[in-house]
Structures are given as structure tokens and as C-alpha cells.
Amino acid sequence: MSVKLRIDEGEILRIIEERSPKKVALSGPEGFTDLIISIAHKLEKRYDLPVHIVVEPNYGVCDIEVDILEKLDADLLFNIGHALKIRQLDSKIFLINVEYDVKFDDVVWKAIPKIKSYKARKIGVFTVNNHISSLSSVIKTLRSTGFIVVEPEEDLLLLKGQVLGCNYVGPYSIKDKVDVFLFLGQSRFHAVGIYLTTKKPTLMLDPFFNEVLDVSEEGRRMMKRALLSLLKSKMGKRFGIVIGLRGSQLRKAEALEIKEKLKELGKEADLLVLREIRPEALNRFKEYDAFVVLACPRIALDDLGYNKPILSYLQACALVKLLKGEEVHELFEESIWR
């Protein structure tokens, strides 16, 4: 399905004209590559300066390589497609939001009978940055039909109503005040993340295919997989603790913490360092019984074909509790996953 994208190219032009760089770089998610190439061509033609297009996969704000400017000898980096409340990561790295030009009108009306089937009155509504401007119209429609839309607490990092794959501060702040959550968009992982964080029925409203999907059952299956990985890991003797090299995913302190705790409990653990954490990279290690991945917590939750159990930091902390004979109640009911 072909969908138009909206981007504030004027913001990029304004920054370039203010800074007068000699060389710039553009990065962003793989899905926006064509857009990024188009912007690069426009900038080269308009300002007669070289533009580096970073085509390595970019999975989020945490994946932006802050040292890429030095490596490329560039003056500015524009990340096209990710956005937070702050629009600068430092003096030379800017976040430029991209939104899908799609409306939620039809899918919201389609969702209303489903919401009513839960006998729900109070609703929480969230999305990713690429649909953030659609929130107000969806909330207006829901309120016009008698629902109470509970707004989240303000956050220093996220836009109001925004969630990230590892940050559910908004839904967590109102989980005891709502009956049902709605996620606007097509990302099942973010929708499931809301469910896992809140344990409230969660509907994903997909405007591209005009579908309303209850992801609660999928969330329960993901939870079962996570618990199974945890129980399998309990029997392990040797662990590979994986430190990610991408962007700000370099979590050395947590790696040393988990290594020391496992060692105190009679386990062996090695510190492994990887940039691209994929099944083919870890499956070749036969000597480990399980892995603790301290990069993106999504890696441990996605069923991607790893031969050994994969634990996130939260799961590793739960494993330590189990090994000590302590009870583990909830794995993901935290506002920020680590």
C-alpha cells in the first residue's frame, strides 16, 4: 500500500542556513530510505554540499550513532523519522519527524462497538511519533460519543500520547484509571507493549487496512514465551551477556551487574560485544545455555529463531530472584523496559 509521508523539510533548511555546514549526514529507519535519498538530492542541489546517506538499519533514537559525524567529518546529522519532545540530541544531531498522511476517522468508528463490548467508559489513547498529530481528532471523536479519554502525565522525554518500544511511561501513568487502551498505528509490538505494561485490554487501530485488532491474547502469548525462557534459563550453567554497540545501547554497568549476580549464584558468565544482534550471530555459540541481551529489550520478546533462551535485563533480574528462591510476580509492569 502506497502512503504519502509528511515531513517538515523547512526545518532542515532553516537549520542548514543557520549553521552553514560544509557537509551533512542523513539517517533514519529503513522504511524511509527513499524519502531520505530524495531529501539528500534536494539539499545537494540547493546548497551544493555533499550529503552522506547513512543506510545502516536505524531502529530508534537509542540507535543513533553519535560518533558518526566525526567518522564522516560532517557538521550536522539529521535523523529522519524519529522524534521526541526534544528535537536535538546534541549541538549537531537533530530529530526530524515524519508522519504518515493517513486518517483514523473510519477505523475509530469501527472500533467503537468493540470498545463498548468491554463496557468501557474510560480510555487511554497512544501512538508512535509518526501518527502523533492524529491523536487530537481521535480523542475528539471518542469524547463526542460519550467516552472519557484519560490523558497521561507529562513526560520530559516523550511527546504527549507517544510510546516507544521500551518506554511506556504514558500508559503506565494511567493504567489504574482506564478500562481499555487504544494504540493508533500498525506496530503490533508497541500495542502489545501497552498491554504487557498495563494488563488492560488493548486495541490496535490500523488505519491502512481499516482493521481493529485486540492484541491482548498476543500479549499473553508473548508473556508465556518470556516466562518459558526464564524457566529454561534457570537450569543453565553458563550465560552469554550481550552488550550492544549501537547508539546509546552500550550498557556496560548493567552487564557487569548481572555478571556479578550470576557469579554469586554459582553461574558462569561471559561478556559478549555485538553491533548487530541476530540469531545467526548467537546461534553459533554452543557453549552457552542462555543469553542476556542488554541492548534493545525487544530482542528478547520477538520470536526470531534463537536456539537458546534470550533474556532482557528485566528478565535477567527476575532470573536472579528465582535463583535466590524469591517470588517473581510481574515481568513487564514497569514504565520503562530495560
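Modeller: Lys199 and Glu333 form a salt bridge, with the closest N and O atoms 3.8 Å apart. The term stands for a side-chain nitrogen of Lys or Arg within 4 Å of a carboxyl oxygen of Asp or Glu. Before we go on: this is a predicted model, where local features need pLDDT of at least 70 and side-chain atom pairs count only at pLDDT 80 or more, while totals for chains, interfaces and linings use all residues. Residues are numbered from 1 along each chain as its sequence is written, and side-chain values use heavy atoms, with hydrogens and water left out.

Colleague: OK, and which parts does the pair Lys199 and Glu333 tie together?

Modeller: Lys199 sits in the loop between helix 7 (188-198) and strand 10 (202-206), and Glu333 in the segment after helix 12 (313-323), so the pair ties together parts that are 134 residues apart in sequence. Helices (H or I, at least four residues) and strands (E, at least two) are DSSP runs, numbered from the N terminus.

Colleague: How exposed is Lys199?

Modeller: Lys199 counts as partly exposed, at 27% relative accessibility. Glu333 is partly exposed too, at 23%. The cut-offs: buried is under 20% relative accessible area, exposed is over 50%, and partly exposed is in between (1.4 Å probe, protein chains only).

Colleague: How many salt bridges does the structure hold?

Modeller: It holds 24. One of them joins Glu18 to Arg14, with the closest N and O atoms 2.7 Å apart. Both lie in helix 1 (residues 9-19), four residues apart, about one turn of the helix. Glu18 counts as exposed at 53% relative accessibility, and Arg14 as partly exposed at 36%.

Colleague: And what about Glu217 and Arg220?

Modeller: Their side chains meet in a salt bridge at 3.1 Å, N to O. They are three residues apart in helix 8 (residues 216-234), so about one helical turn separates them.

Colleague: Which residues are linked in a network of salt bridges?

Modeller: Glu56, Asp63, Arg246, Glu276 and Arg278.

Colleague: Last one. Which residues have the most contacts inside the largest nonpolar core?

Modeller: Leu196, Ile241, Val292, Phe332 and Trp337, in a core of 42 residues. A nonpolar core here is a set of buried Ala, Val, Leu, Ile, Met, Phe, Trp, Tyr and Cys residues joined through side-chain atoms within 4.5 Å. A second, separate core has 22 residues, including Val108 and Leu205.
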